[in-house]
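Hello,

Here is the structure I promised to pass on. Please have a look at it first; my notes follow below.

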Amino acid sequence: MWHLPARCTACAIFIGLFALLSCTSRDTLHRIAVIPRLSADAQWLSLHVGVEEEAERRQLQPYWRGPSGSQTVQEQVELVREALDSRADGILVMPGSYLGENRVMNQALAKGIPVVVLSEKIALPANPHLYYVLEDSHVTGELIAERLRATVGKGDILLLGLEPDVPGSLDRSNAVESSLRAVAPNIHVMAKLLRAPRGGSQDDTVRKMIVENPRLKAIVALDAGEGMTAAAAVSAAGAKGHVRVIVCDQSIDLLLLLHSGVVDSIVVQQNRRMGAKAIDDIADDRAGRHPVQEVTFDPVLVTAENIDSEPVQRMLLMHRSPPW
Amino acid sequence: MVKRLWLAGLLSLLAVFAVVAASRFWFSRSNARLPFRDHFASQDADGWQAFGGTWSFREHGVINRSDERGAKLVAGNEQWRDYQIHADVQMLGWGDIGLLARVSNTSVGINSYRGYYAGIQSRDGALILGTANDDWIAVEPAAVEGGIHSGVWYHLDIVAVGCTIAAHLQNLQRGTEVWSALHQEPCWENGRVGIRSLDTGAIWKNFAVDAATQSDLQSMLRHVKQVQAPTYPSREQDFARMVESYYGDSATVERSILRRQVLALREDQSNAPPLRSIQSLKIEPEGEEVRMRGVVTLYEPLYILDATGGLSIQPRKAVSLNVGDQVEVTGFVQKHDEATFHADQVRVLWDRTPMQPISITSTQAASGAFEGSLVEVRGNLSSRSVSEDGNYILDLQDSSQDFRVIVPQGLNTRLPGEWKIGSLLKVRGVCTNPQENQLKGSSFLIHSRSAVDIELLSGPPWNSGPRLYFLIVIGLLMVVTAIVVYLKAERWRVQVVSQERERLAVEMHDTLAQSFAGVSFHLQSMRKSMQGQANIPEKLMEKLDAACSMTAETHNEASDRIVSLHPAHGTEDLLAQLRRSTVSMLNGSHLPIRTSTVGTNRKFSIAVRHELMAIAREGIANVLRHSNASEIRFSLRYEEKIATLTIRDNGDGFDVDKQTGFGIQGMRQRAESIGARLEISSSHHEGTAVSIQTPYGRRVSIFDWPRSLRSRLFPGRSKQVL
């Protein structure tokens, strides 16, 4: 019935079809999912540069998917899950909460997929495939305190945008306060405002505080969104030049406002280097090497005086995906 | 044979390729053809696919009432290449809205698509044009004289020919026009069409797509100062200079950026009534003028939500709002049992503050504690229908509560196919606990914003409804297939057994029987040659006679066995074969043989026939050896399920009870092996009757497989009659 050539024919057809389907199912390059807290902003455009440069060098293929808002942890969870489902070879993520993404990230780690957490540590148990590329919050605090000492000297400041649930927010706030005590004891934190859960009214609140408190000399915004709130309030109160705005993390609009003088300074993370290091960690992990699991990068204070300098411009390099 | 298999293999491969190619082609195209028109006059939204947003149809337009970042609605055919899109657009807030061309890889998100986008942007007051690939790179915005304003109608055109994309915008109120174009190689060559909004609600009307040619493109390019390549300076310095060049100076940039931020701060509120929370409304005295702030969570009916709860609002004057707008509501406290607050003034304070729903259980929702709140609840779909006004009515239930979900009309004029009865759904929307007459037996109502708020978590359980019938049919088909395969295999086995028997018969005939014939011949020759000699001892002759006799008997026995093994034997009448066998055993002696048959001749199975013949031969041998009979009779009675073969003689007879010989014991064992019953009746001087009642044995049938299975599982417990 079944002669050898006939069996060979059937096997050849089967193998051919299998090979055909296999060829179309996956790219040859290893795919790395990069999931920021919020997509499409200057911070991430700089991260892009480092990620793309290193990915090209290490023969990896990053792809970018960010949630539509900084507070949409669920979207971020789904993006990590999508990365898992699409069998990504590595995940680079800046989590929007301490605990929200833990389950899905644990699942990735359990599958041996290297996960790099950017910026701040979160509550994940130690794992040989888990890496942290962190900012140094203490340095952030020192830079802000030193800037306030040099420009304000004495008076009150406002800490804006505390988010206890968001990794790094309280660390930054605490670092600013402790550094102020050490470096500029004449500067007092007048108030600390939580990040407004629904935006909007925060502008009005800050504007009123500026108008009602002449001793208020500066507003320290703990993230880029609150930086815009601070800038809007200062502008609306007509206090440009009188109340300084210092912001943690950059956005395109904040950088433009730094040029115009509404924003005094921005504490910029070295996202380019951080992105490159994250890709390095993933590539090394995949190669069976074991890089250091926790690396910290110092942020840099960018002001109107140094923004045009070459080192800062190199740090702020931005990159958008080419269309193909 | 081999050639045929090669050919069959090749044809199969080609067939697979053809099916795959046809499937890809079929799924990559929709039925949409150019020209494509949608005036949104009907509620038919089959061709449109939503990615985020809160979409509905009103007044011959499609509306998105959401401040969502990057809500998209996509239609058309992915194979469309060169075409032009025309539409009238109106912004309902502050953000940017526009048209998508050559779109693919679309998903929910800000720039989650590949393709081109042309739109109007409030902040820049300009026509923007660029390309997206999960990112956004644009050409210089083309400033619109007088800026871009909410509530004003604009006409927007895009022409895509080759790798050049041109856009045209006209303010339909003032008549001012502006153009922009980009060229980039390589480019997105084909894709669908769509509409998109960012940070604001909007209306689109008169959406049309036509094929485009170079002349269409050139007629637009005539107005464009410069066809640009989309760029994005990588150096911050260059980017800042580029933006400044767009606006003129940094002060204008600053104003542009912060313009929106101060939107909420423009009005003097010194004489405003006191600001109250929504919950506190319940304890405010009637007639008190109050002011509340909240975020719009639902547009129709209008609901706002603050940190203390939600509230239904009925504005006294029409107001254009989007889901996600933060509003300030002013009005007088009415009767406390009034569910809706009649607002004298509704003012937009801020936009882009979309609320995230709170995930709660159905019992929490039913408690009333989440009245007016944006919630997320899970439940199994128990029924679905479409109301007279076109809304979906979904009845859901879980282990605790029954509840109802109302999904507004718009893109949802047909129930999505995946919402099957029994499916587990996650629904988002505003939770309300209305009067009993509105609940129709449910514990609470969920007003969802659009079909996008309904998420399918899992389909119906496998054992529900038609799926169960389907599985039963599949199961039955599989059983039938297994039985057919079993029958084929068994018949094949029987055929092989038959062939083997034939081979054995031939072998026996060619070897054993012929050898015996040869030995017999030689013994007979010896006997004949020795018969004439006088000095041959008598005892030697006796032994020679015995040897001749034994050889002849054995030859006859072998011949019978060969006959019974041969397939042709199955076709011979049983009684005729018995007669022939008896004659052979008589070896020339005379004994009258009578046969009789009652009933219609039927076939026995090979096994039954074989055993019957063996039993009968043993019986005949006993008759010939011991009975001194003068006659032997064979009768065969065919009945419906059994046949009875009787061998009767008129000899001496014997005492059946005292017979313990191996012959009768063997006969009984053979009878048992085929499920037959052997009866022997005899008495002295009245002859003997041996009667065998036997089933016919069966061909392999569908009922054999359980018996076969049983015999394999419990060997020895079952009898198999073949």
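Two residues count as in contact if their C-beta atoms, placed from the backbone, lie within 7 Å. Keep in mind that this is a predicted model.

Chain A comes first. Take its contacts with a separation of 6 or more: residues 24 or more positions apart account for 75% of them. Chain A has 324 residues, and 53% of them are buried. Its secondary structure consists of 11 helices and 12 strands.

Now to chain B, and a sheet. This open sheet has 5 strands, in the order β30-β31-β32-β34-β33, with mixed pairing. In chain B, β30 pairs with β31 (residues 632–638) in the parallel sense, over 6 bridges. B:Thr597 has B:Leu636 in β31(B) as its bridge partner.

There is also a helix to look at in chain B. Helix α9 (residues 574–586) of chain B has 13 residues, so at 1.5 Å a residue it should span 18 Å. Its end C-alpha atoms are 18 Å apart, which agrees. Which residues of α9(B) are buried? They are B:Leu574, B:Leu578, B:Ser581 and B:Thr582. These residues lie on the same side of α9(B), because they cover an arc of only 100° around the axis. As background, residues three or four places apart in an α-helix point the same way, because there are 3.6 residues a turn. After α9(B) comes B:Asn587, with a positive phi near 50°.

Best wishes

How values were computed. Residues numbered from 1 in each chain as written. Chains lettered and ligands numbered in written order. Predicted model: local features only at pLDDT ≥ 70, side-chain atom pairs only at ≥ 80, totals over all residues. Pairing = 2+ DSSP bridges. Helix = DSSP H or I, 4+ residues; strand = E, 2+ residues; numbered from the N terminus. Buried ≥ 20, exposed ≤ 12 C-beta atoms within 10 Å, placed from the backbone. Expected span 1.5 Å × (residues − 1). Arc of directions from axis to C-beta.
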